[in-house]
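I opened my notebook today to look up a few things in a structure, one entry at a time. Here is what I wrote down.

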Amino acid sequence: MSDSTQPDEQPYQQERWTKHFDEIDREIAQLASICKVQILDPGVIERVLHKDTLVCGSQNPRAFDKLRSLLMMHYSVRDRAVVALGEAETMLIMKEIIERLRSRYGDRLGRPAA
């Protein structure tokens, strides 16, 4: 390895980041469901980040504000994970979490860009 991380530390690091992302993203999914936001539809995340409440099928200002805050936290954590794990490993973790959320919530979260 090119950095100071020992080989046996890598699985622990991946597990720790996966757990952290999973906790944040489960909460995002729950809040998106409460607000009836199709969070995985193209462009919706950006609209939430820009405080566009028209993406909501149900008005709940507190839940929407928390959803927006968690999305900002998600991106901050992702940036730190890329530094710690590398971009490819981080994107693999993200893909696995989205697949788990999709299996749990189905199309209620929207559809990702093709």
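**Entry 1: the largest pocket**

I began with the largest pocket, and I noted that its volume is about 540 Å³. I keep in mind that I am working with a predicted model.

Which residues lie nearest the centre of this pocket? I found I39, L40, I45, Y75 and I98 there, out of 23 residues that line the pocket. Next I looked up which elements give two or more residues to this lining, and they are α1 (9-35), α2 (44-49), α3 (61-85) and α4 (87-105). I then asked myself which element gives the most. My note says α4, with five residues.

I also sorted the lining by residue kind: 16 residues are nonpolar, two are polar and five are charged.

**Entry 2: salt bridges**

I turned to charged side chains next. Side chains of opposite charge can pair when their charged atoms come close. How many salt bridges did I find? The count is five, and I took a closer look at some of them.

I started with E23 and K19, whose side chains meet in a salt bridge at 2.7 Å, N to O. Both residues sit in helix α1, and because they are four residues apart there, about one helical turn separates them. I checked how open each partner is. E23 is partly exposed, at 36% relative accessibility, while K19 is exposed, with a relative accessible area of 52%. The cut-off for exposed is over 50%, so K19 passes it.

My next pair was D22 and R100, with a salt bridge at 3.6 Å, N to O. What does this pair tie together? D22 belongs to helix α1 and R100 to helix α4, so the bridge ties together parts that are 78 residues apart in sequence. Is D22 buried or exposed? I wrote down that D22 counts as buried, at 18% relative accessibility. Buried means under 20%, so D22 falls within that class. R100 has a relative accessible area of 39% and is partly exposed.

Then I looked at E27 and K66, which form a salt bridge whose closest N and O atoms are 3.4 Å apart. E27 lies in helix α1 and K66 in helix α3, so this pair ties together parts that are 39 residues apart in sequence. I found both partners partly exposed: E27 has a relative accessible area of 25%, and K66 is at 43% relative accessibility.

**Entry 3: aromatic rings**

My last search was for aromatic pairs. A pair of aromatic rings is described by the distance of the centres and the angle of the planes. I searched the whole structure and found one aromatic pair. The partners are W17 and F21, with 6.4 Å from centre to centre and 40° between the planes, and the pair is tilted. Why tilted? Planes under 30 degrees apart count as stacked and over 60 as edge-to-face, so a pair at 40° is tilted.

W17 and F21 are both in helix α1, four residues apart, so they are separated by about one helical turn.

Terms used: Residues are numbered from 1 along each chain as its sequence is written. This is a predicted model: local features need pLDDT of at least 70, side-chain atom pairs count only at pLDDT 80 or more; totals for chains, interfaces and linings use all residues. Side-chain values use heavy atoms; hydrogens and water are left out. On a 1 Å grid over the protein atoms alone, a cavity is a set of points where a 1.4 Å probe fits but cannot get out, and a pocket is an open set with protein on both sides within 12 Å along at least five of seven lines; lining residues have an atom within 4 Å of a point. Grid points are joined across faces, edges and corners, and a volume is the space filled by probe spheres set on the points. Ala, Val, Leu, Ile, Met, Phe, Trp, Tyr, Cys and Pro count as nonpolar, Asp, Glu, Lys and Arg as charged, and the others, Gly among them, as polar. A salt bridge is a side-chain nitrogen of Lys or Arg within 4 Å of a carboxyl oxygen of Asp or Glu. Buried means under 20% relative accessible area, exposed over 50%, partly exposed in between (1.4 Å probe, protein chains only). Rings of Phe, Tyr and Trp (its six-membered ring) pair if their centres lie within 6.5 Å; planes under 30 degrees apart count as stacked, over 60 as edge-to-face and the rest as tilted.
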